[in-house]
Amino acid sequence: MSVTRIGPKHQITIPVDAFTELGLEAGDILDVQVDGEGLRLVPQKLVPRDQAWFWSKEWQEGEREAEADIQEGRTSGPFDSAEELMRHLRGHEA
């Protein structure tokens with residue numbers, strides 16, 4: 001168990017063993033959560049606003065589905081041209 005002290009500006013120092021185990025780096029962002037009678041510090045990674053769509057629930061579900069299709073060999077191509085791709089897609093229309 002590690003202990004630390006709250007400084008005059010409400011700052012704490014994360015003990016080196018916890019810092020190393022979590023792979024933290026200076027400047028990392030931590031989410032502070034009140035957990036019962038204590039605090040829980042959860043490392044966070046910031047995502048640029050113009051890339052947030054990629055991390056939406058819907059997009060990530062699609063990523064998992066695509067990965068499963070790739071793993072199961074449910075893919076097409078490669079194609080030598082856009083025209084060849086379009087012929088392939090037209091042949092698969094319902």
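Author: Before we start, a word on charges: Lys and Arg count as positive and Asp and Glu as negative, while His and the chain ends are not counted. This is a predicted model, where local features need pLDDT of at least 70, side-chain atom pairs count only at pLDDT 80 or more, and totals for chains, interfaces and linings use all residues. Residues are numbered from 1 along each chain as its sequence is written, and side-chain values use heavy atoms, leaving out hydrogens and water.

Reader: Thanks! How many positive and negative side chains does the chain have, then?

Author: The chain has 10 positive and 19 negative side chains, and the centres of the two sets lie 6 Å apart. Each charge is placed at NZ of Lys, CZ of Arg, CG of Asp or CD of Glu.

Reader: Which elements does the chain have, and in what order do they run?

Author: From the N terminus on, the order is α-β-β-α-α. Helices (H or I, at least four residues) and strands (E, at least two) are DSSP runs, numbered from the N terminus.

Reader: Why is the chain called more spread out than a compact globule?

Author: The globule rule is 2.2 Å times the number of residues to the power 0.38, and the radius of gyration is taken over C-alpha atoms. For 94 residues the rule gives 12 Å, but the chain has 24 Å, well over that, so it is more spread out than a compact globule. Along its principal axes the C-alpha trace spans about 70 × 30 × 25 Å.

Reader: What makes Ser76 partly exposed?

Author: Buried means under 20% relative accessible area, exposed over 50%, and partly exposed in between (1.4 Å probe, protein chains only). Ser76 has 46%, so it is partly exposed. Ser76 sits in the loop between α2 (57-71) and α3 (82-91).

Reader: And what makes the link between Ser76 and His88 a polar contact?

Author: A polar contact is a pair of N or O atoms within 3.5 Å; within protein, one must be able to donate a hydrogen and the other to accept it, and residues adjacent in sequence count only if both atoms are side-chain atoms. The side chains of Ser76 and His88 make such a contact at 3.0 Å.

Reader: Why does His10 count as exposed?

Author: Its relative accessibility is 70%, so His10 counts as exposed. His10 lies in the segment before α1 (16-21), and has a positive phi of about 65° although it is not a glycine. Most residues other than glycine have a negative phi.
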